[in-house]
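Student: I would like to learn how to read a helix packed on a sheet. Could you take me through one?

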Amino acid sequence: KSKPKKEKPTTQPMKNLGYVALMTVILLSLGSVLVIVATKKWDSVHQSYEAVNNSTALVKGSDVVNQTCQEERCSVFDGMENCTAHNYTCYAAHWYITFLKDDGVEVNTSLLEGHYRNETHAAQRLSNNKVGQTYNIWYNKTDPDICFWRRAKPEKLLPGIICGWIMISVGAVLGVISIWGFKRSQKSEAEYHDEDHLSDFF
């Protein structure tokens, strides 16, 4: 009694593997880019984090200043991307402050923050640090004229780095699954052809 002949393998598994392989490439690519960008940003922010000291600043005055800001606009024509720089008027919140460094030296300087397109938004930002009040401030150790109301926090970049590694890990697992599935499909195809070839002799 002859064995029942195996059914010919369908192409559906290969199509599914194609989708898995595509997802693998996408996840590995996006994850790698995210990790690289976030890691570079981490290094930059961490250097800034370590380069500042803390003090208390008295706000002596404030105003809104207008500046010339620049943005890049890109368009695609005949498959070629063309980018040009455009200038526009932007507004920043500006404070006149005084504070003491760690060595007791008084610093009188100004702090500029924001590139707002709307003057009202810059004015609203000023109201968060009012004249005559004292606020926590961070200043650069080597150049105290460079100062900020808020210290850069590198830990805020951790979710991006973790998310990137998760995407890479998932992509790697999918890659292993797609390779295993491809080999299994190839083996099944080979077994079918071998059986079909032998049946020609009986």
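Tutor: Let's go through the sheet, then the helix on it. This is a predicted model, where local features need pLDDT of at least 70, side-chain atom pairs count only at pLDDT 80 or more, and totals for chains, interfaces and linings use all residues. Residues are numbered from 1 along each chain as its sequence is written, and side-chain values use heavy atoms, leaving out hydrogens and water.

Student: What is the order of the strands in the open sheet?

Tutor: Strands are DSSP runs of E, at least two residues, and helices are runs of H or I, at least four, numbered from the N terminus. Two strands pair if DSSP finds at least two bridges between them. Here five strands form an open sheet in the order E3-E2-E1-E4-E5, with antiparallel pairing. E3 and E5 (147-148) each have a single partner strand, so one side of each is left without a neighbour in the sheet. E4 (residues 134-140) pairs with E5 over two bridges, and Trp138 has Phe148 in E5 as its bridge partner.

Student: Which residues of helix H2 are buried?

Tutor: First the general idea: an α-helix has 3.6 residues a turn, so residues three or four places apart point the same way. Buried means under 20% relative accessible area (1.4 Å probe, protein chains only). In H2 (residues 119-126), the buried residues are Ala122, Arg125 and Leu126. They fall within an arc of 105° seen down the axis of H2, so they line one face; the arc is taken from the directions from the helix axis to the C-beta atoms.

Student: What covers the buried residues of H2?

Tutor: Their cover includes strands E1 (52-77), E2 (80-100) and E3 (106-116), where contact means heavy atoms within 4.5 Å.

Note on methods:
Buried means under 20% relative accessible area, exposed over 50%, partly exposed in between (1.4 Å probe, protein chains only).
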